[in-house]
Amino acid sequence: MKNRSRSRKRTPWDEHNDLTATQEYLQMHYVARYEERHPRLADAGESDMVNSYIPAKCPYCSSDDFVCKGFDSIGIRRYKCRCGKYFKPTTGTIFDSRKIPISEWIEYCLNIFRYVSLNADSWNNRNAISTSKYWLKKLFLTLEEWQKNIVLSDTVWLDETYYSVIMSDREHKEDGTLPRGLSRNQICIGVATDKKHTVCIMEGYGKPSQKRSYEAFQNHIQPNSLLIHDKENTHKKLVSELSLQSVCYASKDLKGLADSENPLDPVNRVHMLLKMFLNAHSGFCRDDIQDYLNLYSFVINPPSDHLEKVEKIIDLVFKNPKSLKYRDQFGLNT
């Protein structure tokens, strides 16, 4: 299968019988470290944690009429529904049919939260790069509605920033040069924060309109809040429709100011960190940018401790189950 990348467990000497003492030692040490980082499911000790999540309904027929029917080979509780189907707490979640322990998912999430690239994570955890990409899609699926219920209030800072489309997709003028300014080669990202929570939403390509800005943030800012923004007309409809108090500044007046003196610093700081995060994945498909923004929003919002964030992710996995099969992700069923 062309999408399956090389296993990080392999060594250059796997197909050889006559190894030098050094080669044998290197192979033994490398494989031992790999197996230490990748325990078997039976040895992962995750059954108590998984069993603590009791399904609310049958993943097949949505009935709540089911009974416990023992345990599987690694101690995960099994249930039987009146529809005749058997299932487990992981059935229908991104942990369904997993071959890798959830403990490795924890390490993966911690790396992503620290702005580690997929390639670096693949080497750090000794996973195939296809595994890192697959898990990223699972994270996206888990967090696709993460920002939906975030509502900013009191004082809100709002401003747009821009991120380039990848080189191969950039539009050129007739003479072959790139257009200047805020063309469709720039992805517009709206960022709003009240210093407690932050929302990041793609507003399209090029300079944003009042309509796009309003549609992006109408459900994320509490009416009558104080909005601090720039003097562009982009937010005019948003201010009017939500009855926001408006304090705006001309961009030219803010140039050269120290961060401590810049009234838009709270949102500018988010812009800086967001671009650091996106740059860690710079070659990503721009069609997925809202997924990356959802993930970044999760990273920058409370809780601040990364382990607490992983706990929150795991809760979302079990309480709002969604599944993604490896073969579906990599188009192996088509």
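Which strands does helix H6 lie across? Helix H6, residues 210–217, lies across strand E4 (155–164), strand E5 (186–193) and E6, and runs at about 150° to E6; contact here means heavy atoms within 4.5 Å, and helices (H or I, at least four residues) and strands (E, at least two) are DSSP runs numbered from the N terminus.

Before I go on, please note that this is a predicted model, in which local features need pLDDT of at least 70 and side-chain atom pairs count only at pLDDT 80 or more, while totals for chains, interfaces and linings use all residues. Residues are numbered from 1 along each chain as its sequence is written, and side-chain values use heavy atoms, with hydrogens and water left out.

The sheet itself is open, with 5 strands in the order E6-E5-E4-E7-E8 and mixed pairing, where two strands pair if DSSP finds at least two bridges between them. Its edge strands, each pairing on one side only, are E6 (198–205) and E8 (245–249). Strand E7, residues 226–230, pairs with E8 in the parallel sense over 5 bridges, and His229 has Cys248 in E8 as its bridge partner.

Turning to helix H10, residues 289–300, we find that H10 lies across E5 and E6, at about 165° to E6; axes are lines fitted to C-alpha atoms, for helices over the stretch in contact, and angles run from 0 to 180 degrees between N-to-C directions. The axes of H10 and helix H5 (residues 129–142) come within 9 Å and cross at roughly 75°. H5 and H10 are therefore roughly perpendicular to each other, a term that covers 65 to 115 degrees. In this contact, Leu136, Leu139 and Phe140 of H5 meet Asp291, Tyr292 and Leu295 of H10.

Note on methods: Angles under 35 degrees count as roughly parallel, over 145 as roughly antiparallel, 65 to 115 as roughly perpendicular and the rest as oblique.
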